[in-house]
Each structure stands twice: as structure tokens, then as C-alpha cells.
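Here are my notes for your first look. Keep the viewer open and follow the points in order.

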Amino acid sequence: LIELPALRNRIRSVDPTFFGWFICLACYPPFNDFTMRWLPWQSSDFPQFHSDLLHFTLNISVLIALGIFSWSSIALGFKASNLTNRGIVTHGPYTFVRHPAYAAKNFAWWLGALPLLGTTLAAGQWQAFAYSLLALFGWTAIYALRAVTEERHLRLLDNGYAEYAQKVRWRFVPGVW
């Protein structure tokens, strides 16, 4: 159904590299079980903070990040695909950054990990703190590598991605990176 000609959504290419497949599959079952053994999950979907103001502010920020993630997913529509090129999406949040879903997801994860990081730091549990940070940085690195491998794949064809990347300069955060 997704391949209907009326949707102009045919697969133009499939990522030809081992690394592209490896880094993508590391995020999905059953392969992410192995990834989770090395980078155990450190984040909460609803982080709890002692300060009411901090709790409210950071949980609203998590909701906004998840809203941006949802908006990004909806904007992709039928072009959403791992490891295949179904065309370039340039509307919605993709007008501002090239990987808004990855950026929003990672931002929500970091906010969700703040209570654990704060607790381990306050308790002087340096190993637990360092391991939690390592896991968060590891997952962030995986998604940064996904963006890089996806962009490399999308640039293989003359499909307008290079022009889009020149127009939308930022991968994740406008004005930063």
C-alpha cells in the first residue's frame, strides 16, 4: 500500500553499507536487547523532581520534545522509512533542522535522565553517575551516527538532498549543530 504510485513514495535506493544497517538495527528489537546490555536505559518518560517548579517546567519540556517528535513523524508521512530513500521531506519541522525527530527524542531522554543523574551525583556514586552518563552519550551517539549514515545514503542519488542540506544547515539544533 505504501508503494502506491499516487503517493509518489517508491523506494529509490536502499542503504548499501554494513555500518548504515548496523547503526540502525542497534535501535530496534531484537538487536536493541544487545545494545541495552552495553548501554542500559537511564531515562524516565515522566521524571520526578523534588521542586514543584522544576518538576512542572522539565516535564512540560519533555512533553514539548515529544510533541516535536510526533510532529516530525507525522511530517514524514509515508516517506518514513529506515534504510531506504523514499524521497526528501522539507516541510514541518524539517524546515528548521534536518533531523528533528532524533533531536527531540534525545532531548526528552536527557531531561528524563536528570533525576537519576542528580541522585547518583548527590549520593557520591561516581561510578553509577559515570555509567549513566556513558549510556546517555552512547544512545545520543547512536542517533547522531544514524543521522550521518542516513545523510550519506540520501546524498548518493541526485535527489535534491544536497540542496536541502545547504538550505537547512542544521542537523539537530538551529544555530548550533
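What percentage of the 177 residues in the protein chain do buried residues make up?

1. **Burial and source.** Buried residues make up 39% of the 177 residues in the protein chain. Buried means under 20% relative accessible area, exposed means over 50%, and partly exposed lies in between, with a 1.4 Å probe and protein chains only. This is a predicted model, in which local features need pLDDT of at least 70, side-chain atom pairs count only at pLDDT 80 or more, and totals for chains, interfaces and linings use all residues. Residues are numbered from 1 along each chain as its sequence is written, and side-chain values use heavy atoms, leaving out hydrogens and water.

2. **Overall layout.** The protein chain has six helices and two strands. Helices (H or I, at least four residues) and strands (E, at least two) are DSSP runs, numbered from the N terminus. Along the sequence, the pattern reads β-α-α-α-β-α-α-α. The C-alpha trace spans about 55 × 35 × 30 Å along its principal axes. Take contacts (heavy atoms within 4.5 Å). Among those between residues at least 6 apart in sequence, 74% join residues at least 24 apart.

3. **Helix 3.** Check its length. The 25 residues of helix 3 (residues 52-76) should span 36 Å at 1.5 Å a residue, and the end C-alpha atoms are 36 Å apart, which agrees. The expected span is 1.5 Å times one less than the number of residues. The buried residues of helix 3 are His55, Leu58, Asn59, Val62, Ala65, Ser72 and Ala75. An α-helix has 3.6 residues a turn, so residues three or four places apart point the same way. Helix 4 (100-122) is included in what covers the buried residues of helix 3.

4. Most residues other than glycine have a negative phi, and most peptide bonds are trans. Just after helix 3, glycine 77 takes a positive phi of about 55°. Leucine 83 is not a glycine, yet its phi is positive, about 70°. Leucine 83 sits in the loop between helix 3 and strand 2 (84-85). Leucine 83 counts as buried, because its relative accessibility is 13%. The peptide bond from proline 29 to proline 30 is cis, with omega near 0°. Proline 30 lies in the loop between helix 1 (18-25) and helix 2 (31-38).

5. **Cysteines.** Cysteine 24 is buried, at 6% relative accessible area. Cysteine 27 is buried too, at 10% relative accessibility.

6. **Cores.** A nonpolar core is a set of buried Ala, Val, Leu, Ile, Met, Phe, Trp, Tyr and Cys residues joined through side-chain atoms within 4.5 Å. The largest has 13 residues, and those touching the most other members are Cys27, Leu39, Tyr102, Trp139, Ile142, Tyr143 and Phe172. Helix 5 (126-154) and helix 4 each supply at least two residues of this core. The largest share, six residues, comes from helix 5. A second, separate core has nine residues, including Ala75, Val89, Tyr94 and Leu154.
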